[in-house]
Amino acid sequence: MKLDTLIRTISNYPKPGIEFRDITTLLLEPGALAYCVDAVAEHRTETKIDLVSGIEARGFIFGAALAYKLGVGFVPIRKPGKLPAETLEREFDLEYGRDTIEIHRDAIANGDRVLLVDDLIATGGTAAAAVELLREAGGEVVGCDFVVSLPDLGGADRLVQLGCSVHWLTEFAGE
Ligand code: AMP
């Protein structure tokens, strides 16, 4: 399946100069979500995974479906103030702003092997903060998987620097 042709590009959203890669058009295509989930599962067949963790909000779509496919639990990483129990939090820079993410302090048992999932990696700020949160919570991050990478923004390299195994299904480069 040609994923890049299913992803719509919206220029100057949410800020001037940003080429926003809109995965809602991919989600509309029958079988595309299943294709993405199956491709990630296939890539990680040799990896023992205890939990999938997804980043709010688009990471929930792919991450929860992947957790279902793998038969493992799902840990949501959320925007501030959304999780009801005690949390750990990280602030970070985004391609277009600054943000904070949180995780439930008790979501992960020490040594759990966690696969991190999001729709897209750009600068890697969000995913790097998520990796740090998962590690602080006691998890071992066994992989970071994305549907889309924007390699020119250096996000995947940043995660490799953190010692992560990084994988994505399609990319938009040269912008
Ligand atoms: P970053 O922290 O820079 O890697 O940004 C990743 C997060 O921001 C992901 O959750 C993406 O959904 C979103 N994001 C950043 N840049 C874009 C973009 N150009 N198009 C679509 N989503 C983006």
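Mentor: Buried means under 20% relative accessible area, exposed over 50% and partly exposed in between, computed with a 1.4 Å probe on protein chains only. The model is predicted, so local features need pLDDT of at least 70 and side-chain atom pairs count only at pLDDT 80 or more, while totals for chains, interfaces and linings use all residues. Residues are numbered from 1 along each chain as its sequence is written, and side-chain values use heavy atoms, with hydrogens and water left out.

Trainee: Why is Asp119 called buried?

Mentor: Asp119 has a relative accessibility of 5%, and the limit is under 20%; therefore Asp119 counts as buried.

Trainee: What makes the link between the side chains of Asp119 and Arg58 a polar contact?

Mentor: A polar contact is a pair of N or O atoms within 3.5 Å; within protein, one must be able to donate a hydrogen and the other to accept it, and residues adjacent in sequence count only if both atoms are side-chain atoms. The side chains of Asp119 and Arg58 are joined at 2.7 Å. Asp119 lies in strand S7, residues 113-121. Contact means heavy atoms within 4.5 Å, and Asp119 touches residues including Phe62, Phe146 and Val148, not counting residues up to four places away in sequence.

Trainee: What makes a set of residues a nonpolar core?

Mentor: The members are buried Ala, Val, Leu, Ile, Met, Phe, Trp, Tyr and Cys residues joined through side-chain atoms within 4.5 Å. The largest nonpolar core has 27 residues, and among those that touch the most other members are Ile77, Leu134 and Leu159. H5 gives the most to this core, with seven residues. Apart from this core lies another, of 24 residues, among them Ile23, Leu26, Leu66 and Phe172.

Trainee: How do you know which residues Leu159 touches?

Mentor: The criterion is the contact limit already given. Leu159 touches Ile121, Ala127, Ala128, Val131, Cys144, Phe146, Cys164 and Val166, not counting residues up to four places away in sequence.

Terms used. Helices (H or I, at least four residues) and strands (E, at least two) are DSSP runs, numbered from the N terminus.
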